[in-house]
Amino acid sequence: MKTILLIEDNDDIRENTAEILELANYRVLTAENGKTGVEMALEHQPDLIVCDIMMPVLDGYGVLHLLQKHREVEDTPFIFLTAKSERGDFRKGMEMGADDYITKPFSGTDLLNAVESRLKKSELKKQVIPPDMEGIQQLLLTATGANPLKKLMDEGNTDRYKKKQLIYQEGNRPTSLYFIQKGRVKTYKVNNDGKELAVNLYSAGEFLGYVALLEGSNYHENAEALEACELTAIPREDFETLINNNREVAQQFIRLLAKNITEKEQQLLHLAYSSLRKKVAEALLFLKKKYHHVTDQPFSIDISRENLATIAGTATESMIRTLGDFRDEKLLEIKQGVITILNEQKLANLVN
């Protein structure tokens, strides 16, 4: 049972509001002024606080200000009750960190809708949601009971790309967010000498091209199909509308960006300090982690030596020579261009 702290100096409003919340199966604590309310909040640490603004001893703004100085209650959802409807009062409260307003007089439905909405969003913040398509789907369904992103995907155009076909090019202006329905895609950069360096790999169920959309910039890399692919293009305008109107979705894409930055830092570290054998072993294990979904079968992948070299950050000739060494050492098998890892533990020992 969720606990709600109600801070209200008017006896009739406090009693009536508490009764409505109790009928909705909430445990309700009440305080008749702001000072008592702060003390009760620190003692009981409620799941949500509903607080009047104009009160003796300590007003609602003071209550919110004091609570934000205590870590144990600083993130507690906070709803103001107020008879004042001036724009300045709303702005002041929101700038201080209030989550919502209910203007007196209010109905029981208004009260319960606001409380349920804030409690649901509070629960979302506590959940560990993976920064991928599955996580975004889960977040949207939990937060809103709907999935507007899936609707955009269903309405978007699905295009087919052949192996090695360019999806977008560095320097171009993004027009769409891409969702991979089938196949695998690599993003890469080319230096002045024409050498490629893999930036990232993507597979079915992942988004592509969102960095430039979120930054409002041009593409920083090229995207190419590693094999025959099907990609759904979500128009840029529709994606921006969703991001601007849904804070939870925006936060999830920020998590995707943070995850990518961490991976890039690790990749740069490996490129700078790893030996050739270690780079190749890391590239193979990275591909296994990325694409191996059948755990009881050896991992096999059909990938060109050029693409594998760009992932490892080495020359193609060096990649071919090292793969030959690994084959002779029975670490992997190569048949008709398909690489199968035979001894994952020994590859991992090369990395560690």
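**Figure 1. Strands β9 and β10 pair in the antiparallel sense over seven bridges.** Strand β10 comprises residues 196-203; strands are DSSP runs of E with at least two residues, helices are DSSP runs of H or I with at least four residues, and both are numbered from the N terminus. Two strands are taken to pair if DSSP finds at least two bridges between them. The model is predicted: local features need pLDDT of at least 70, side-chain atom pairs count only at pLDDT 80 or more, and totals for chains, interfaces and linings use all residues. Residues are numbered from 1 along each chain as its sequence is written, and side-chain values use heavy atoms, with hydrogens and water left out. Within this pairing, Tyr188 stands opposite Ala198 of β10. Five residues lie between the strands of the hairpin, and Gly194 takes a positive phi near 85°.

**Figure 2. Strand β9 also pairs with strand β12.** This pairing, with β12 at residues 222-225, is antiparallel and runs over four bridges. Lys186 has Glu224 in β12 as its bridge partner. Strand β9 spans residues 184-190, and five of its seven residues are buried, so the strand is largely enclosed by the rest of the structure. Buried means under 20% relative accessible area and exposed over 50%, with partly exposed in between (1.4 Å probe, protein chains only).

**Figure 3. Helix α1 has a buried side and an exposed face.** The buried residues of α1 are Arg14, Thr17, Ala18 and Leu21. They cover an arc of only 100° around the axis, which puts them on the same side of α1; the arc is that of the directions from the helix axis to the C-beta atoms. An α-helix has 3.6 residues a turn, so residues three or four places apart point the same way. Asp12, Glu15 and Leu23 are exposed on the face turned away from the buried side of α1.

**Figure 4. The span and the ends of helix α1 are shown.** Helix α1 has 13 residues (residues 11-23), which should span 18 Å at 1.5 Å a residue, and the end C-alpha atoms are 18 Å apart, in agreement. The expected span is 1.5 Å times one less than the number of residues. At the start of α1, a side-chain oxygen of Asn10 comes to within 3.1 Å of the backbone nitrogen of Asp12. Asn25, which follows α1, has a positive phi near 75°.

**Figure 5. The whole protein has 14 helices and 16 strands.** Of its 352 residues, 46% are buried.

Notes:
Polar contact = N/O pair within 3.5 Å; in protein donor to acceptor, adjacent residues only side chain to side chain.
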